[in-house]
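Dear colleague,

Please find below the structure that I am handing over to you. My notes on what was found in it follow directly after.

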Amino acid sequence: MAMRCLIVMSAVAVAMADITSHVSSHVVYSGARPQPYPSPHSTYPQYSPYHPPHSIHPHPPPPYTPEPEVPVCAANTNATWCLEDDDYPEDNIKQAIKTHFPKFSALYADVPTINTKDSVDRPETLEEETYLCPSETAYIRPLRAQNTDDKWRVIVNDIEAHYETFTQTTRIEECLTSGDACPLVPECYESKCLQKSIYHRFLVYDPYDQYFPFAIETFKLPASCACLLGAYTIDH
(Lines give C-alpha, C1' and ligand atoms only; values in the text may rest on other atoms or scores of the structure.)
Protein backbone atom coordinates (compact mmCIF):
# COMPACT_ATOMS: atom_id res chain seq x y z
CA MET A 1 0.00 0.00 0.00
CA ALA A 2 2.78 2.42 0.90
CA MET A 3 4.54 1.57 -2.31
CA ARG A 4 1.39 2.35 -4.33
CA CYS A 5 0.99 5.74 -2.65
CA LEU A 6 4.59 6.60 -3.42
CA ILE A 7 4.12 5.70 -7.09
CA VAL A 8 0.97 7.84 -7.33
CA MET A 9 2.64 10.88 -5.75
CA SER A 10 5.57 10.59 -8.11
CA ALA A 11 3.23 10.47 -11.08
CA VAL A 12 1.38 13.57 -9.84
CA ALA A 13 4.66 15.46 -9.36
CA VAL A 14 5.78 14.61 -12.90
CA ALA A 15 2.41 15.78 -14.30
CA MET A 16 2.55 19.07 -12.42
CA ALA A 17 6.09 19.75 -13.65
CA ASP A 18 5.00 19.14 -17.22
CA ILE A 19 2.03 21.54 -16.84
CA THR A 20 4.24 24.28 -15.31
CA SER A 21 6.78 23.97 -18.12
CA HIS A 22 4.03 24.21 -20.72
CA VAL A 23 2.47 27.33 -19.15
CA SER A 24 5.77 29.17 -18.69
CA SER A 25 6.65 28.69 -22.33
CA HIS A 26 3.56 30.72 -23.30
CA VAL A 27 3.99 33.64 -20.92
CA VAL A 28 3.77 37.01 -22.74
CA TYR A 29 5.28 40.12 -21.04
CA SER A 30 2.89 43.06 -21.07
CA GLY A 31 5.70 45.61 -20.62
CA ALA A 32 9.21 46.05 -22.06
CA ARG A 33 11.53 43.21 -21.44
CA PRO A 34 14.21 44.01 -18.88
CA GLN A 35 17.50 44.93 -20.47
CA PRO A 36 20.72 43.30 -19.41
CA TYR A 37 23.25 45.40 -17.51
CA PRO A 38 25.85 47.00 -19.77
CA SER A 39 29.13 45.33 -20.12
CA PRO A 40 32.03 47.08 -18.35
CA HIS A 41 33.62 47.35 -21.78
CA SER A 42 30.63 49.11 -23.36
CA THR A 43 31.35 52.38 -25.20
CA TYR A 44 29.40 55.37 -23.80
CA PRO A 45 28.43 58.32 -26.07
CA GLN A 46 30.94 61.15 -26.12
CA TYR A 47 29.66 64.65 -25.29
CA SER A 48 31.43 67.92 -26.19
CA PRO A 49 32.45 70.10 -23.22
CA TYR A 50 29.91 72.67 -22.05
CA HIS A 51 30.44 76.23 -23.19
CA PRO A 52 28.25 78.95 -21.68
CA PRO A 53 26.48 81.16 -24.22
CA HIS A 54 28.26 84.33 -25.16
CA SER A 55 27.01 87.31 -23.24
CA ILE A 56 25.61 90.15 -25.31
CA HIS A 57 27.92 93.16 -25.33
CA PRO A 58 28.20 96.07 -27.75
CA HIS A 59 30.87 95.81 -30.36
CA PRO A 60 34.21 97.08 -29.09
CA PRO A 61 35.14 100.56 -30.32
CA PRO A 62 37.37 100.71 -33.37
CA PRO A 63 41.06 101.03 -32.68
CA TYR A 64 42.16 104.59 -32.16
CA THR A 65 43.91 106.02 -35.19
CA PRO A 66 45.42 109.37 -34.29
CA GLU A 67 44.92 112.10 -36.83
CA PRO A 68 47.90 114.13 -38.02
CA GLU A 69 48.95 116.97 -35.77
CA VAL A 70 48.00 119.41 -38.51
CA PRO A 71 45.01 118.48 -40.72
CA VAL A 72 45.33 118.59 -44.48
CA CYS A 73 43.14 121.68 -44.68
CA ALA A 74 45.72 123.67 -42.66
CA ALA A 75 48.89 122.09 -44.01
CA ASN A 76 49.87 125.06 -46.17
CA THR A 77 48.80 127.93 -43.94
CA ASN A 78 49.61 129.41 -40.56
CA ALA A 79 45.93 129.80 -39.67
CA THR A 80 44.61 127.95 -36.65
CA TRP A 81 41.26 127.21 -38.28
CA CYS A 82 39.88 125.82 -41.56
CA LEU A 83 36.89 127.21 -43.42
CA GLU A 84 37.04 124.41 -46.01
CA ASP A 85 37.79 120.78 -45.31
CA ASP A 86 37.58 117.92 -47.81
CA ASP A 87 37.85 115.41 -44.93
CA TYR A 88 35.07 116.94 -42.86
CA PRO A 89 33.03 114.03 -41.33
CA GLU A 90 29.60 115.48 -42.08
CA ASP A 91 27.74 112.16 -42.28
CA ASN A 92 29.24 110.91 -39.03
CA ILE A 93 28.24 114.10 -37.25
CA LYS A 94 24.68 113.84 -38.54
CA GLN A 95 24.40 110.26 -37.33
CA ALA A 96 25.83 111.16 -33.93
CA ILE A 97 23.34 114.04 -33.58
CA LYS A 98 20.43 111.70 -34.37
CA THR A 99 21.67 109.18 -31.81
CA HIS A 100 22.22 111.74 -29.03
CA PHE A 101 19.80 114.45 -30.10
CA PRO A 102 18.26 115.44 -26.70
CA LYS A 103 21.64 115.81 -25.02
CA PHE A 104 23.22 117.41 -28.09
CA SER A 105 20.38 119.90 -28.42
CA ALA A 106 20.77 120.99 -24.80
CA LEU A 107 24.51 121.43 -25.24
CA TYR A 108 24.10 123.35 -28.49
CA ALA A 109 21.59 125.69 -26.85
CA ASP A 110 24.17 126.57 -24.21
CA VAL A 111 26.82 127.68 -26.69
CA PRO A 112 25.48 131.21 -27.37
CA THR A 113 24.83 131.86 -23.67
CA ILE A 114 28.27 130.82 -22.42
CA ASN A 115 30.19 133.73 -20.96
CA THR A 116 32.52 134.84 -23.74
CA LYS A 117 33.79 137.96 -22.06
CA ASP A 118 36.67 139.46 -24.01
CA SER A 119 39.78 137.89 -22.57
CA VAL A 120 42.57 139.72 -24.37
CA ASP A 121 46.23 138.77 -24.38
CA ARG A 122 48.26 141.78 -23.34
CA PRO A 123 52.00 142.39 -22.97
CA GLU A 124 53.47 141.65 -19.56
CA THR A 125 54.27 145.36 -19.18
CA LEU A 126 51.35 147.30 -20.57
CA GLU A 127 52.18 150.88 -21.43
CA GLU A 128 49.83 152.70 -23.77
CA GLU A 129 48.10 151.43 -26.88
CA THR A 130 45.68 152.72 -29.45
CA TYR A 131 43.98 151.20 -32.48
CA LEU A 132 45.84 152.77 -35.39
CA CYS A 133 46.85 149.66 -37.32
CA PRO A 134 45.09 148.25 -40.39
CA SER A 135 43.05 145.12 -39.87
CA GLU A 136 40.60 142.89 -41.64
CA THR A 137 37.31 141.80 -40.07
CA ALA A 138 35.29 138.71 -41.01
CA TYR A 139 32.53 136.50 -39.70
CA ILE A 140 33.53 132.87 -40.05
CA ARG A 141 32.12 129.39 -39.52
CA PRO A 142 35.16 127.19 -39.02
CA LEU A 143 35.02 123.47 -39.74
CA ARG A 144 38.19 122.71 -37.83
CA ALA A 145 40.18 124.75 -35.37
CA GLN A 146 43.10 124.47 -32.96
CA ASN A 147 42.04 124.70 -29.32
CA THR A 148 43.93 126.27 -26.42
CA ASP A 149 45.70 122.93 -25.84
CA ASP A 150 47.07 123.06 -29.41
CA LYS A 151 44.81 120.17 -30.43
CA TRP A 152 42.91 120.30 -33.69
CA ARG A 153 39.19 119.69 -33.29
CA VAL A 154 36.21 119.19 -35.62
CA ILE A 155 33.72 122.04 -35.19
CA VAL A 156 30.01 121.32 -35.64
CA ASN A 157 29.02 123.71 -38.42
CA ASP A 158 26.46 123.80 -41.23
CA ILE A 159 25.03 120.42 -40.21
CA GLU A 160 21.44 119.66 -41.18
CA ALA A 161 19.76 117.22 -38.80
CA HIS A 162 16.32 116.91 -37.21
CA TYR A 163 14.97 119.56 -39.60
CA GLU A 164 17.46 122.10 -38.25
CA THR A 165 20.73 123.57 -39.44
CA PHE A 166 23.33 123.79 -36.72
CA THR A 167 25.88 126.56 -37.22
CA GLN A 168 28.43 128.42 -35.13
CA THR A 169 29.56 131.84 -36.28
CA THR A 170 32.20 134.06 -34.75
CA ARG A 171 33.74 137.41 -35.54
CA ILE A 172 37.49 137.74 -36.09
CA GLU A 173 39.72 140.71 -36.77
CA GLU A 174 43.20 140.04 -38.11
CA CYS A 175 46.02 142.53 -37.95
CA LEU A 176 47.45 143.06 -41.42
CA THR A 177 50.80 144.44 -40.26
CA SER A 178 51.35 142.68 -36.95
CA GLY A 179 54.82 143.39 -35.57
CA ASP A 180 55.42 146.38 -37.84
CA ALA A 181 55.51 150.02 -36.81
CA CYS A 182 52.13 151.71 -36.63
CA PRO A 183 51.72 153.45 -40.01
CA LEU A 184 50.06 156.59 -38.62
CA VAL A 185 52.61 157.21 -35.87
CA PRO A 186 55.66 159.45 -36.50
CA GLU A 187 58.90 157.57 -36.82
CA CYS A 188 60.33 159.37 -33.80
CA TYR A 189 58.04 157.24 -31.63
CA GLU A 190 58.58 153.59 -30.97
CA SER A 191 55.45 151.78 -31.98
CA LYS A 192 54.30 148.32 -32.99
CA CYS A 193 51.11 146.83 -34.33
CA LEU A 194 49.83 144.19 -31.93
CA GLN A 195 47.43 141.36 -32.67
CA LYS A 196 44.93 140.96 -29.85
CA SER A 197 42.99 137.75 -29.27
CA ILE A 198 39.77 136.55 -27.72
CA TYR A 199 38.88 133.16 -26.30
CA HIS A 200 35.81 131.68 -27.95
CA ARG A 201 33.98 128.44 -27.17
CA PHE A 202 32.80 126.05 -29.87
CA LEU A 203 30.78 122.85 -29.82
CA VAL A 204 33.11 120.15 -31.17
CA TYR A 205 32.72 116.58 -32.42
CA ASP A 206 35.05 113.85 -31.13
CA PRO A 207 34.80 110.68 -33.28
CA TYR A 208 36.68 108.61 -30.68
CA ASP A 209 34.25 109.19 -27.82
CA GLN A 210 31.84 106.22 -28.00
CA TYR A 211 29.53 107.46 -25.27
CA PHE A 212 28.84 111.11 -26.14
CA PRO A 213 30.98 112.49 -28.97
CA PHE A 214 30.27 116.17 -28.35
CA ALA A 215 31.85 118.73 -26.03
CA ILE A 216 32.46 122.44 -25.69
CA GLU A 217 36.09 123.54 -25.91
CA THR A 218 37.93 126.86 -25.92
CA PHE A 219 39.73 128.36 -28.90
CA LYS A 220 41.96 131.41 -29.27
CA LEU A 221 40.99 133.63 -32.19
CA PRO A 222 42.15 137.04 -33.41
CA ALA A 223 39.91 139.80 -32.10
CA SER A 224 41.46 143.17 -33.00
CA CYS A 225 44.64 144.99 -33.98
CA ALA A 226 46.18 147.59 -31.65
CA CYS A 227 49.09 150.01 -31.82
CA LEU A 228 51.48 149.71 -28.90
CA LEU A 229 53.29 152.93 -28.03
CA GLY A 230 55.77 154.11 -25.44
CA ALA A 231 54.58 156.76 -22.98
CA TYR A 232 52.02 158.53 -25.13
CA THR A 233 48.47 157.80 -26.13
CA ILE A 234 47.22 158.89 -29.51
CA ASP A 235 43.46 159.09 -29.82
CA HIS A 236 41.52 158.45 -33.00
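Which residue in strand 10 is the bridge partner of leucine 203? The partner is isoleucine 216.

Before the remaining findings, a word on the source. This is a predicted model, in which local features need pLDDT of at least 70 and side-chain atom pairs count only at pLDDT 80 or more, while totals for chains, interfaces and linings use all residues. Residues are numbered from 1 along each chain as its sequence is written, and side-chain values use heavy atoms, with hydrogens and water left out.

Overall composition. The protein contains three helices and 10 strands (DSSP runs numbered from the N terminus: helices are H or I with at least four residues, strands E with at least two). From the N terminus on, the order of the elements is α-β-α-α-β-β-β-β-β-β-β-β-β. Of its 236 residues, 28% count as buried (under 20% relative accessible area, with exposed over 50% and partly exposed in between, for a 1.4 Å probe and protein chains only).

Helix 2. The buried residues here are Ile93, Ala96 and Ile97. Seen down the helix axis, they fall within an arc of 100 degrees, so they line one face of helix 2 (the arc is that of the directions from the helix axis to the C-beta atoms). The face turned away from this buried side carries the exposed residues Asp91, Lys98 and Thr99. The cover over the buried residues of helix 2 includes helix 3, strand 5 (152–155), strand 6, strand 7 (164–166), strand 9 and strand 10 (214–229).

The largest nonpolar core. This core has 18 residues, of which Ile93, Ile97, Phe104, Val156, Phe166 and Phe214 touch the most other members (a nonpolar core is a set of buried Ala, Val, Leu, Ile, Met, Phe, Trp, Tyr and Cys residues joined through side-chain atoms within 4.5 Å). At least two core residues each come from helix 2 (90–99), helix 3 (101–110), strand 6 (159–161) and strand 9 (191–205).

Yours sincerely

Note on methods: Contact = heavy atoms within 4.5 Å. Pairing = 2+ DSSP bridges.
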